[in-house]
Amino acid sequence: MLVFPEKFDSNEWFILISLIVSYTCIFILPRRFPYSVTLIMLLFSMAYAQIIDHILAGQSLDLYDINDVEKYELFDLITWFLYPPFGYIFVYFYDKWRVRSVGVFWYILLWAFIAMGEEVLSLKFHIFTYENWKLSYSFPVYLITLSIYLLFFVYIKGQFEKMKEKCKRPLTSDGITK
């Protein structure tokens, strides 16, 4: 069972305010992707973050703690909802600005620095407590994560476009698309 925070302090407020701001950004941005693509990207971002956090912060490596206490608490779960908006906004502007070629490298690099900035802010509000981790270790993790996320987005968007195109084809007399 999830335990509640022992005291409701700055890190819980930071999480709640960050959630409100980040999800408001998503809803304010004009819709760019079909709902199915958006949902897949949001879920992928959350699942990927959970896996990475479990590997790095779990009992086997225990490189950092999430929130105030070592025990798994309610706000640890709520914290995972901070990752999807970051990923969504990352691919939103990638698609909107039509980043291509060498620009992809610079785009990922820029967003890795943005992620580092968010991590520094999260450290100030005790969202993360480092055990055997240093901020500098996060940079390559962000480069890899953003690259994987972008590859997944390009794949999903491409599959959606193929499916959409296939649905537009007329049916033959036996009910199969040409």
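From the N terminus on, the elements run α-α-β-α-α-α-β-α. The model is predicted, so local features need pLDDT of at least 70 and side-chain atom pairs pLDDT 80 or more, while totals for chains, interfaces and linings use all residues. Residues are numbered from 1 along each chain as its sequence is written, and side-chain values use heavy atoms, without hydrogens and water.

**Exercise 1.** State how many helices and strands the protein has, and what share of its residues is buried.

*Solution.* Step one: helices (H or I, at least four residues) and strands (E, at least two) are DSSP runs, numbered from the N terminus. Step two: buried means under 20% relative accessible area, with a 1.4 Å probe and protein chains only. Buried residues make up 39% of the 178 residues.

**Exercise 2.** Compare the span of helix α6 with the expected value, then list its buried residues and name elements that cover them.

*Solution.* Step one: α6 covers residues 135-168, which is 34 residues. The expected span is 1.5 Å times one less than the number of residues. Step two: the buried residues of α6 are Ser138, Leu146, Tyr149, Leu150, Phe153 and Ile156. An α-helix has 3.6 residues a turn, so residues three or four places apart point the same way. Step three: the cover of the buried residues, by contact (heavy atoms within 4.5 Å), includes α2 (35-57), α4 (83-96), α5 (102-124) and β2 (128-130).

**Exercise 3.** Describe the largest pocket by volume, central residues, contributing elements and residue class.

*Solution.* Step one: on a 1 Å grid over the protein atoms alone, a pocket is an open set of points where a 1.4 Å probe fits, with protein on both sides within 12 Å along at least five of seven lines; lining residues have an atom within 4 Å of a point. The volume, the space filled by probe spheres set on the points, is about 910 Å³. Step two: 36 residues line this pocket, and the closest to its centre are Leu82, Tyr83, Phe86, Glu118 and Tyr142. Step three: α1 (10-28), α2, α4, α5, β2 and α6 each supply at least two lining residues; α5 gives the most, with seven. Step four: the lining has 25 nonpolar, eight polar and three charged residues, where Ala, Val, Leu, Ile, Met, Phe, Trp, Tyr, Cys and Pro count as nonpolar, Asp, Glu, Lys and Arg as charged, and the others as polar.

Terms used. Buried < 20%, exposed > 50% of the residue type's maximum accessible area, 1.4 Å probe, protein only.
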